[in-house]
There are 2 protein chains.
Amino acid sequence: MDPSAVGGLASRLMKGDRRALSRAITLVEDEPRAAALLMRRVRRARGGAFILGVTGPPGTGKSTLVDKLVKKYREGGSKVGVVAVDPTSPITGGALLGDRVRMADLTLDDGVFIRSMASRGWSGGLSRAAARVIQLMNAAGYELIIIETVGIGQSDIEVVGVAHAVLVVLMPGIGDDVQVSKAGLMEVGDVYVVNKSDLEGADVMIVDLLSMTRGLGSRSPSVLKVSALKGEGIDGLVRVIDALRDRLRKGDRAMQLRSTKGMIMELARAAETERFLRMAEPRAESLTEKVLSGELSVEEAADRLLR
Amino acid sequence: MDPSAVGGLASRLMKGDRRALSRAITLVEDEPRAAALLMRRVRRARGGAFILGVTGPPGTGKSTLVDKLVKKYREGGSKVGVVAVDPTSPITGGALLGDRVRMADLTLDDGVFIRSMASRGWSGGLSRAAARVIQLMNAAGYELIIIETVGIGQSDIEVVGVAHAVLVVLMPGIGDDVQVSKAGLMEVGDVYVVNKSDLEGADVMIVDLLSMTRGLGSRSPSVLKVSALKGEGIDGLVRVIDALRDRLRKGDRAMQLRSTKGMIMELARAAETERFLRMAEPRAESLTEKVLSGELSVEEAADRLLR
């Protein structure tokens, strides 16, 4: 895009123009230079959106649940943005996000903006792009922005690190594979939802989660049972999310810090990794030769690469 | 561990002492300083192991297939090391690797060394640890080292980047979720296996893979149908792996470069990320405050963080 056109795009976006937002997101994904310019243009927009991260193992019904939430918030009149992120996509190719067609009825609604994003290389770039898309949606006046990931790996956790609050979606029967009690998961959630609540083991899972969250002291996450498909427990979940949103509205410092620091760190880390790869790639070849000839060990070569 | 004891540990390891190898791997995971010392001690060991990466979506039967391969190679007399890596583990907590107990009969065999590793924080640290464990196994005289990942995200691909050759395990029926044709997967594999070959759709998948690999020109990966559980097609797979191993033995330059460069890059990137986090963390807080007060945008704060 011509740099001179970026200003006009930014103004249209800040007036809430959907097409401008769509075009702006494409810039963020495909044109780094124009994107940097654009981000500078929208920096003064203060949207005040509440950013909700949604994560959890594949197959737990995150997308269906997000759909229900979007509908509820639309009934309440809020403009809702959804960023669906697939950090694992070199393989899945973002195909897991294909089920977004389910949301067709939502995409006809002008107050809803849904965007799927998949990694086109290294995962750091995706975190940055997602952080920027959220800023753009915020500038365009979206009041609730949901950032949803398809998996629950390290990079998923980084992706939801830009949220004000995080909803973790689980389901009965995954206890065998996914030990919730282990490091990481219990640190990340503000709300834990056991979806598909009609499946056997839902209550046991709730009890387990309650006993685990009790150990977390003052920061005590909510634990809820829902059935996204049947629409059960959604109102209760909305109330819990509203309470979190209210906390942000009242100026909750911890929430503001978390999201803003998350954004800064993701943007900086992405730039740092790019810098490293740009610096390292051309020199790695000759260092590799030195290792193969026995002149250096791989550890020594790595040390030299960093100098 | 006392630094003065590292030398003795390294010598015992290079003589093939299993306990020493086990202790050394724990050092690599838990004691960075002693680990660095240890890596310097084993650097002169030239094992010449063939490193095979095994990756693919969860549930495709990678572990079962690896078990069969290990047994076959033991019958042939090779010492085999297996590093099973779970980069998604902040959530799964490495629990997915729990099914390694299946391998109990293998662990009684002195010529087999199996180690499961899970991320204890950021995924970069795990890639480095895995690269070091492979070097240790190599120094201890293991001739075939299999590095297996549980998923198929970006970090899994980084993990197998240290291998000489990569085996991608697929199964019929995952085509709906996992579009093999997308960027990434077709770049990474030297061998594609359709496991659970008795399931419907196996032949169609083989045909699809063949037509896709045909487009890759000179670098034409093998495509095979197996049933790990029934032991079908394993001999054919072993022949394909043997051919790759032979290529390395005969000094295939591309293979050597790939694995060695992968090791160097993973080690360097891990150190770089650590450096960044150490530098950024203490400064991020005050920059976040400046963003919240409206003095800076998040993009500007990220720029400052990098200066």
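Me: Let's start between the chains: are Arg132(A) and Glu299(B) buried or exposed?
Reply: Arg132(A) is buried, and Glu299(B) is buried as well, where buried means under 20% relative accessible area, exposed means over 50%, and partly exposed covers what lies in between, with a 1.4 Å probe and protein chains only.

Me: Before we go on, what kind of model is this, and how is it numbered?
Reply: It is a predicted model, in which local features need pLDDT of at least 70 and side-chain atom pairs count only at pLDDT 80 or more, while totals for chains, interfaces and linings use all residues, and side-chain values use heavy atoms, with hydrogens and water left out. Residues are numbered from 1 along each chain as its sequence is written, and chains are lettered from A and ligands numbered from 1 in the order in which they are written.

Me: OK, back to Arg132(A): what does it form with Glu299(B)?
Reply: Arg132(A) and Glu299(B) form a salt bridge whose closest N and O atoms are 2.8 Å apart; the term stands for a side-chain nitrogen of Lys or Arg within 4 Å of a carboxyl oxygen of Asp or Glu. The pair crosses between chains, running from helix H7 of chain A, which holds Arg132(A), to helix H13 (residues 298-306) of chain B, which holds Glu299(B). Helices (H or I, at least four residues) and strands (E, at least two) are DSSP runs, numbered from the N terminus.

Me: How many salt bridges are there over all chains?
Reply: A search of the whole structure gives 34 salt bridges over all chains. There is also a network of salt bridges that links Lys261(A), Glu281(B) and Glu285(B).

Me: What about Arg269(A), which partner does it have?
Reply: Arg269(A) forms a salt bridge with Glu266(A), the closest N and O atoms being 3.1 Å apart. The two residues both lie in helix H12 (residues 253-292) of chain A and are three residues apart, about one turn of the helix. Arg269(A) has a relative accessible area of 19% and is therefore buried, and Glu266(A), at 7% relative accessibility, also counts as buried.

Me: And on chain B, how do Arg249(B) and Asp246(B) meet?
Reply: Their side chains meet in a salt bridge with an N to O distance of 2.9 Å, and both residues lie in helix H11 (residues 234-249) of chain B, three residues apart. Arg249(B) counts as exposed because its relative accessibility is 59%, whereas Asp246(B), at 33%, counts as partly exposed.

Me: Switching to rings: how many aromatic pairs turn up?
Reply: The search of the whole structure finds two over all chains. In one of them, Phe113(A) and Tyr142(A) are edge-to-face, at 6.2 Å centre to centre and 65 degrees between the planes. Rings of Phe, Tyr and Trp (its six-membered ring) pair if their centres lie within 6.5 Å, and planes under 30 degrees apart count as stacked, over 60 as edge-to-face and the rest as tilted.

Me: What lies over the face of Tyr142(A)?
Reply: Lys79(A) does, at 4.4 Å from the ring centre, and in chain B the charged end of Lys79(B) sits over the ring of Tyr142(B), 4.3 Å from its centre. A charge sits over a ring if NZ of Lys or CZ of Arg is within 6 Å of the ring centre and within 35 degrees of the ring normal.

Me: Now strand S1 of chain B: how many of its residues are buried?
Reply: Six of the six residues of S1 (residues 50-55) of chain B are buried, so the strand is largely enclosed by the rest of the structure. Phe50(B), Leu52(B) and Val54(B) point one way from S1(B), while Ile51(B), Gly53(B) and Thr55(B) point the other way.

Me: Which strands does S1(B) run alongside?
Reply: S1(B) runs parallel to S4(B), joined by five bridges, and parallel to strand S5 (residues 165-170) of chain B, joined by four bridges; two strands pair if DSSP finds at least two bridges between them. Phe50(B) stands opposite Leu144(B) in S4(B), and the bridge partner of Leu52(B) in S5(B) is Ala165(B).
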